[in-house]
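These are my notebook entries on a structure that I am reading for the first time. I record below what I looked up, entry by entry.

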Amino acid sequence: MANVKGSSVCRTAVDEGKPADWVPGGEKQTVVDPMEMFHKLPREKLFITGSEAARESMRRANIDIAIAYPITPQSESMQQAGYLYDEGYIKEYYRGEEEIGTFSAISGASRAGVRALTATSGPGLMRGMEAISSWPGARTPIIMLNMCRVINTPLAIQPDNIEMSFLLNTGILLLHAENQQDFYDYPLAAIMASEQVDVTLPAVVSVDGFFCTHARGPVEVTPEEFKLPPRDGWRSAVPAMDNENPPARISRDAPIQKSNFISYHMHASWQQEVFAAVERSAKYFDKYLGGLIEVVNPDAEDFIIASGCAVSQAREAVRQEGEQGRTVGLVKVKSIRPFPTEQIFEAVKGAKRILVPEFNQAGWLHKELCAVLYGRCKAVIKDGPRVFGGMTMPTEMIMEWLAEFRKEVK
Amino acid sequence: MLIQDNLLLTRSNPSGQGGTQFLYRVKDYGLAALTGPQEEISMIHWEVEVIKFTTPETAGFEVCHSTELADKTLKFYTDKSLNEFLQKAFQYFEELDLLEKMLPQES
């Protein structure tokens with residue numbers, strides 16, 4: 001790897017135009033305990049875009065290899081990753097041929113036992129789904145940044161997070177960042193959770209493109225001289241693969257490829273274990289993120305449950321409702337997989353009305369909530385407002401929906 | 001980063017188009033500074049309105065284009081230039097408040 005001092009591979013730092021005594025930025029950093037990084041180190045407040053927040057997160061993530069194919073609005077973050085490669089914070093980085101190639105290559109890198117990062121947006125995610133859906137079963141703790149955008153026709157490059165619904169049942173860990181701060185914090189937490197030996201799964205951190213990636217917001221970052229511990233490839237649910245001596249028999253003659261009762265049992269037990277591992281990751285996210293949900297005004301009768309950018313709009317609606325003397329609760333869902341069923345139930349068990357605003361046509365969060373709260377929660381759960389295709393969700397819209405909801409459900 | 005003096009509220013863009021809004025308040029006047037998403041980082045800027053608050057208790061306001069400070073939406077391309085403007089605007093709002101109090105009040 002070009003950015004590893006003393007590497008035996010062909011390319012060296014000198015080949016890339018660096019002075020002979022150049023030391024990669026990553027080698028000047030000190031490894032720090034993840035809990036120390038997440039909760040104890042001092043933080044400096046910056047005012048930066050979501051793409052820049054992703055860069056600062058990657059700088060501290062001790063990434064061995066990044067592979068990506070550009071697509072709006074992801075391109076800017078991976079351009080920033082290029083700067084990190086140049087500075088020596090990412091050891092290897094290249095542009096894949098397209099998304100299927102990119103996501104297949106990153107899987108190979110992760111199987112080899114290194115920390116691997118990729119990123120995409122909307123249609124790129126859709127193109128790569130064949131490879132992506134194989135990651136959890138392969139037990140590859142890849143980190144993927146997903147800057148959401150429209151995928152359906154008429155096509156647009158505006159924010160819309162319907163693509164997240166395609167990841168819900170893959171066995172991937174899935175976080176949804178509200179703002180630039182989350183897009184700094186969540187990838188670091190996701191990396192550490194995904195690499196735990198009882199998890200060993202890929203993790204996706206989604207963010208609503210443009211609204212966060214291309215706009216500035218306050219972000220508190222830890223000192224750049226500290227980084228996460230490296231990945232221990234051997235410390236996984238499945239061993240890292242020796243890519244120079246690959247176990248060819250696995251792909252040539254796997255029992256799983258035979259249509260018989262053994263293959264069915266193998267597939268079933270393997271998938272059960274994948275989804276059990278998703279649930280086991282909850283305890284790590286809980287301590288890294290300070291909870292899988294955030295609750296505002298827990299004693300309210302009216303609640304808004306939201307994830308991503310919709311949380312920011314709901315937060316302001318809650319503030320303005322408060323100015324007018326009405327208490328509205330808010331549940332921010334940080335983790336979509338694992339889904340924090342019990343925590344949400346506990347938060348809204350006294351609620352009378354629950355509103356679920358979303359930036360997508362499908363209303364996937366509303367469906368998730370209905371599925372897990374059905375028969376357990378007395379509140380009426382209303383889907384809306386839902387905007388998509390890049391449409392905006394003004395605070396007034398949420399407040400109008402709340403007013404209507406109060407008339408409908410006395 | 002913008003200065004924190006007289007900062008009343010930092011919130012996501014309430015119009016829902018992404019970005020962050022800073023609300024500053026000095027007496028009944030203030031400034032709403034909004035930075036929204038742009039295609040390129042280099043295009044990011046501030047759009048600033050002089051505002052007049054409608055109540056003492058809440059953050060409700062109306063855009064005010066009738067002061068000597070500005071009769072239109074202002075644009076700033078750096079935090080430094082906006083911070084300089086903010087400092088001068090705060091002084092202006094203090095003086096404006098004094099002058100308005102000197103005028104005969106309508107009964």
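**Entry 1**

I began with Phe303(A), which stands opposite Ile354(A) in E15(A). The model is a predicted one, and I read every entry with that in mind. E15(A) covers residues 353-358, and I found that E12(A) pairs with E15(A) in the parallel sense over 3 bridges.

I then turned to the other partner of E12(A). Strand E13 of chain A, residues 328-333, runs parallel to E12(A) and is joined to it by 5 bridges. Here Phe303(A) has Gly329(A) of E13(A) opposite it. I followed the chain from E12(A) through H12(A) to E13(A) and noted a right-handed β-α-β crossover.

Next I asked which residues of E12(A) point one way and which the other. Asp302(A), Ile304(A) and Ala306(A) point one way, Phe303(A) and Ile305(A) the other, and all are buried. In a regular strand, side chains alternate between the two faces of the sheet. I also noted the total for E12(A), residues 302-306: 5 of its 5 residues are buried, and the strand is mostly covered.

**Entry 2: Helix H14**

I looked up which residues of H14(A), residues 364-373, are buried. They are Trp364(A), Leu365(A), His366(A), Glu368(A), Leu369(A) and Leu373(A). Among the elements of chain A that cover them I found E12, E13, E15, helix H13 (341-348) and strand E16 (380-386). After H14(A) comes Gly375(A), with a positive phi near 80 degrees.

**Entry 3: The nonpolar cores**

The largest nonpolar core has 108 residues, and I noted that Ala190(A), Ala193(A), Ile304(A) and Ile305(A) touch the most other members. Helix H8 of chain A, residues 180-194, gives the most to this core, with 9 residues. Domain 1 (14-227) and domain 2 (293-408) of chain A each supply at least three residues to this core.

I listed the contacts of Ala193(A), leaving aside neighbours within four places in sequence: Leu173(A), Val199(A), Ala203(A), Ser281(A), Tyr284(A), Phe285(A) and Tyr288(A). I also recorded a second, separate core of 20 residues, which includes Leu31(B), Phe61(B), Leu86(B) and Ala89(B).

**Entry 4: The two domains of chain A**

I looked up the distance between the C-alpha centres of domain 1 and domain 2 of chain A, and it is 28 Å. In chain A, 21 residues of domain 1 are in contact with 19 residues of domain 2. E7(A) gives the most to the side of domain 1 that touches domain 2, with 5 residues. I counted that side by type as 13 nonpolar, 5 polar and 3 charged residues.

**Entry 5: Chain A against chain B**

Between the chains, 20 residues of chain A are in contact with 19 residues of chain B. On the side of chain A that touches chain B, strand E2 (44-49), strand E9 (216-221) and helix H12 (309-323) give two or more residues. H12(A) gives the most, with 4 residues. I noted the make-up of this side as 8 nonpolar, 7 polar and 5 charged residues.

**Entry 6: Ile157**

I located Ile157(A) in the loop between strand E6 (143-148) and strand E7 (173-177) of chain A. Why does Ile157(A) count as partly exposed? It does so because 17 C-beta neighbours lie inside 10 Å, whereas a buried residue needs 20 or more.

Not counting residues up to four places away in sequence, Ile157(A) touches Thr72(A), Pro73(A), Arg149(A) and Val150(A). I noted Ile71(A) as well: 86 residues separate it from Ile157(A) in sequence, and 9.5 Å separate the two in space, C-alpha to C-alpha.

Notes. Residues are numbered from 1 along each chain as its sequence is written. Chains are lettered from A and ligands numbered from 1 in the order in which they are written. This is a predicted model: local features need pLDDT of at least 70, side-chain atom pairs count only at pLDDT 80 or more; totals for chains, interfaces and linings use all residues. A nonpolar core is a set of buried Ala, Val, Leu, Ile, Met, Phe, Trp, Tyr and Cys residues joined through C-beta atoms within 7 Å. A residue is buried if 20 or more other C-beta atoms lie within 10 Å of its own, exposed if 12 or fewer, and partly exposed in between; C-beta atoms are placed from the backbone. Domain bounds come from an automatic or database domain assignment. Two residues are in contact if their C-beta atoms, placed from the backbone, lie within 7 Å. Ala, Val, Leu, Ile, Met, Phe, Trp, Tyr, Cys and Pro count as nonpolar, Asp, Glu, Lys and Arg as charged, and the others, Gly among them, as polar. Two strands pair if DSSP finds at least two bridges between them. A crossover is right-handed if, with the strands pointing away from the viewer, the path from the first strand over the helix to the second runs clockwise.
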